[in-house]
Amino acid sequence: MKALVTGGSAGLGQAFVARLLADGCDVVSLDRSTADGAANLFQINCDLGDREALDRTVPAIVTAGPYDLVIFNAGVNATGRFEDIPEDVQLRLLRINTEAPMVLAAALAGSGAMVRPSKMVFVSSLSHFTGYPGAAVYAASKDAIAIYARSIRRPLLRLGISVSCVFPGPLRTDHARRHAPENADASQRMPADDAARDILSAVRAGKATVILGKQARIVALAGRIAPRLVTWQMRRFIFEKLSATTW
Amino acid sequence: MRRKILITGATSGIGLALATRLAPRHEILATGRALKKDAEKILPANAGYIRVPQSDPLVASATIREGLRDVGWTGFHNAILVAGTGYVCEAQSEDPVRLRETLDVNLAATILIARACLPLLEKTNGRLTLIGSTAARGSSHIASYCASKAGLAGFARSLRSEWRGRVSVQILHPGPVATPMHEKAGYVPGRLGALFLSPSTMAAMLEFAVARGRSPRTLSWFRYIGGESIFGRRL
Ligand SMILES: NC(=O)c1ccc[n+]([C@@H]2O[C@H](COP(=O)([O-])OP(=O)(O)OC[C@H]3O[C@@H](n4cnc5c(N)ncnc54)[C@H](OP(=O)(O)O)[C@@H]3O)[C@@H](O)[C@H]2O)c1
């Protein structure tokens, strides 16, 4: 079995790579930086925020397949007041979180680089259900990718590719620590390794929508029933407590 | 009150109908990708025009800033960001050039234009209106278009909260409207097309929705038969 993981050198991506290697898979990791090597790990370097670089790298990614599993995990955040975050940072965020996985998904599905049957996984965010004042463009990027995943699920199923979308809440990664308000309680966050394990088993079971843990499911439900109230809570607990602009 | 209103994508379809409807009562600054001489042929005579191609988001926001400075607006009341594009295709054969164009024009450029408008909208406690689509819920042959509109919805939801008390932010989701967009997108509506609202009806519904300021709001056929193109409050 062969898997492709984007952003495999840190955080949740690293946890996916470790789990998959432990399960005996061949893993191709696509990232800007290189991680520690392993026997069945093949690394491709590419900055997903750079269009030309991505277009140049696509043939190598296709050749390294075909894949039984693809996880579009790479993502960045930018937190602070919307107007305080520079334009080029916002544009780059949209390219990494939304555009790159869409371009790659189309390229892989259209080129025979996916085994039939196989799985394709997009990583959105629990913010899809809550809104995210203090990260308005991140929220946009994650809503966009969630709806892209939903839109292509049926046509790709006809090609033997089953599409899932994951909506993680706060994880215990460097990424989350950097962007959370200063004295936020990290013990509430899910360890990346647990998240990777639960996501992989839900994806293997063919679930279209993956929300991790009871707490996250309650938040998602609340966000659907009372969207304004939940976004207001997010404003109080995140936006009003952010002391700096971070990207 | 005579308002100063910026409308993007005002050279065709919904944006043009809105500019035409509002121009007799308000000061309109229209934008589009067409050349000024071509835009002036179709826009109402008293509307201003600046050419703002949105395929490069950084250029779009810079051009908007410059254009607002050139017309001498130091503050304005409404930014209604209508410009949009999309293409019908199968997900697995989507051309990356079109995919990127859809995201850039609809999502990235709209986001950066919103940012460029903030200082001038804030002076009047004005309103930012984004145009989404009922397709923001997802649809298989226009996946990138749906993604771009869902992105706008997520952006509007969070920004509305962030800007509370400064600038009011809303997103309006029109249902199908009989505009040139469908032909440009390579879509033939067939018999279903008979159910599409006219651009001028949608413009009326939009005006009332902008006047009320609620968000998110779906402007569909059901709202139309409920009388929302006739009985609403004017801007
Ligand atoms: N029609 C519908 O059924 C429907 C339903 C829901 C939502 N919407 C949304 O409503 C908005 C208006 O749509 P419409 O039906 O009125 O379409 P339209 O007639 O094609 O008008 C779109 C406008 O956007 C402009 N535009 C397109 N690409 C651009 C670019 N790269 N740079 C700058 N301007 C650009 C167009 O300029 P040109 O005139 O030069 O093409 C035109 O002014 C869009 O955001 C659309 O997504 C439409």
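**Exercise 1. Determine how the ligand is held by polar atoms of chain B, and how far the protein covers the ligand.**

*Solution.* Step 1. In this predicted model, a polar backbone atom of Gly84(B) lies 3.3 Å from an oxygen atom of the ligand. A backbone N or O atom of Gly9(B) is found 3.1 Å from a ligand oxygen atom.

Step 2. Turn to side chains: an N or O atom in the side chain of Thr179(B) is 2.4 Å from an oxygen atom of the ligand. A polar contact requires N or O atoms within 3.5 Å, and the distances for Gly84(B), Gly9(B) and Thr179(B) meet this cut-off.

Step 3. On its own the ligand has 880 Å² of accessible area, and the protein covers 95% of it.

**Exercise 2. Describe the shell of residues around the ligand.**

*Solution.* Step 1. The shell holds 29 residues, and Ser12(B) and Tyr145(B) are among the closest.

Step 2. By class, 14 of these residues are nonpolar, 12 polar and 3 charged.

Step 3. In chain B, α1, α5 and α6 each supply at least two residues of the shell; α6(B) gives the most, with 3 residues.

**Exercise 3. Characterise the interface between chain A and chain B.**

*Solution.* Step 1. Count the residues: 52 of chain A are in contact with 42 of chain B.

Step 2. The buried area is about 3,700 Å², with carbon and sulfur atoms giving 59%. Phe82(A), Glu83(A) and Glu87(A) supply 18% of the area that chain A buries against chain B.

Step 3. There are 6 salt bridges between the two chains. One of them joins the side chains of Arg100(B) and Asp55(A), at 2.9 Å from N to O.

Note on methods:
Residues numbered from 1 in each chain as written. Chains lettered and ligands numbered in written order. Predicted model: local features only at pLDDT ≥ 70, side-chain atom pairs only at ≥ 80, totals over all residues. Heavy atoms only, no water. Near = heavy atom within 4 Å. Polar contact = N/O pair within 3.5 Å; in protein donor to acceptor, adjacent residues only side chain to side chain. Areas by Shrake-Rupley, 256 points an atom, 1.4 Å probe, with all protein chains shown as cover. Helix = DSSP H or I, 4+ residues; strand = E, 2+ residues; numbered from the N terminus. Nonpolar A, V, L, I, M, F, W, Y, C, P; charged D, E, K, R; others polar. Contact = heavy atoms within 4.5 Å. Buried area = accessible area lost by both parts, 1.4 Å probe. Salt bridge = Lys/Arg side-chain N within 4 Å of Asp/Glu carboxyl O.
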